[in-house]
Amino acid sequence: GERFLADLQRIQQRIDRTQKQISSGLRVASASDAPDQVGEILMVRARLDLTVQIRINLSRAKAEVDTAEQTLQSAVKVLERAMQLGVQGANATQTAVTRRMLGTEVRALLEQMVALAATQAEGRYLFSGNRDDTAPYVLDLDAPNGVSEYQGTEATREVMHPAGTRFRIARSGQEIFDDHEASAFRALNALRLALENGPAVEPGEPGYQEQVAAQTAAIEQALAELHRAHAHLNVQLGFYGAVQNKIEEAVRFADRIEVREQNLLSVLRDADIVEAALALSQATMHQQAALSARAHTWRGSLFDLLG
């Protein structure tokens, strides 16, 4: 009787195990199911979780970089418009009045550039470096560059590649908009001042032509500075374009790793549903056969035979 109960218990354990595999889809749901494979399963699971987190981080970085790249495209267009206005203003046929009108538009372009430098993504100022809770610049027409001092810090923001390396995904506003050799702010403000500060005397008065010539020279000088700033902004735009390519490649790399690790984890941990169903059917049949055989077992004694 004890042996029968022990055998019946083992059959029931087989039934419970296979039912659990079918319902959960897992062959190894706890350490006791396969003690020799637990370590490998945990390592694969850890690699998979890390890859998933890296891919999430890359997606967030992509959104920021895409916004930064679009912002710099707009900044380049602002400088291109300013250069058009500068060329118009440098024309000798322009009067002091029309030049001041052009200067007003350049002032609006300077304000637009300051607003572009203060672009945010998810509540973070993209061009303030590591101090992303503060706008990098505010308009200040009394300053030499037409803006305040840089309010941010150095940009050291990086993201991890699934291969384990890291790469930089941001540059500071000072690097982009206010480079000491090619400042977009300084160039715009210089053109604004050159256009707004016309001759101090009326046409025909002594010194008028000399002042007009000096104003034209200042406009042309500002134009040369605008060209340098325009070239510099295009270099910064190229940096963000390259980062976009790196992120896209890293996401594809992460996708491949994730598929590989998921397949490996499936081999180590997941149940073969067909095999489990067959085992369940066999165990159930054995259980029924055992119970049936037990029911037909003669339960009399020697005294029954003697009687």
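In the predicted model, the lining of the largest cavity receives at least two residues from each of helix 2 (38-90) and strand 2 (124-125). Helix 2 is the element that gives the most to this lining, with three residues. The volume of the largest cavity is about 110 Å³. Its lining comprises 13 residues, of which Glu64, Leu126, Ile169, Ala170 and Tyr240 are the closest to the centre. By residue class, the lining consists of nine nonpolar residues, three charged residues and one polar residue. With a threshold of 30 Å³ or more, the count comes to one cavity.

The largest nonpolar core contains 54 residues. Within this core, the most contacts are made by Met113, Phe177, Phe185, Leu188, Leu226, Leu233 and Tyr240. At least two core residues are supplied by each of helix 2, helix 3 (96-117), helix 4 (173-177), helix 5 (184-196) and helix 6 (208-269). Helix 2 accounts for the largest share, 14 residues. In soluble globular proteins, nonpolar side chains tend to be buried together.

When neighbours within four places in sequence are left aside, Phe185 is in contact with Leu110, Met113, Val114, Ala117, Tyr137, Asn145, Val147, Phe177 and Asp178.

Methods. Residues numbered from 1 in each chain as written. Predicted model: local features only at pLDDT ≥ 70, side-chain atom pairs only at ≥ 80, totals over all residues. Heavy atoms only, no water. 1 Å grid on protein atoms, 1.4 Å probe; cavity = no way out; pocket = protein on both sides within 12 Å on 5 of 7 lines; lining within 4 Å. Points joined across faces, edges and corners; volume = space filled by probe spheres on them. Helix = DSSP H or I, 4+ residues; strand = E, 2+ residues; numbered from the N terminus. Nonpolar A, V, L, I, M, F, W, Y, C, P; charged D, E, K, R; others polar. Core = buried A, V, L, I, M, F, W, Y, C linked by side-chain atoms within 4.5 Å. Buried < 20%, exposed > 50% of the residue type's maximum accessible area, 1.4 Å probe, protein only. Contact = heavy atoms within 4.5 Å.
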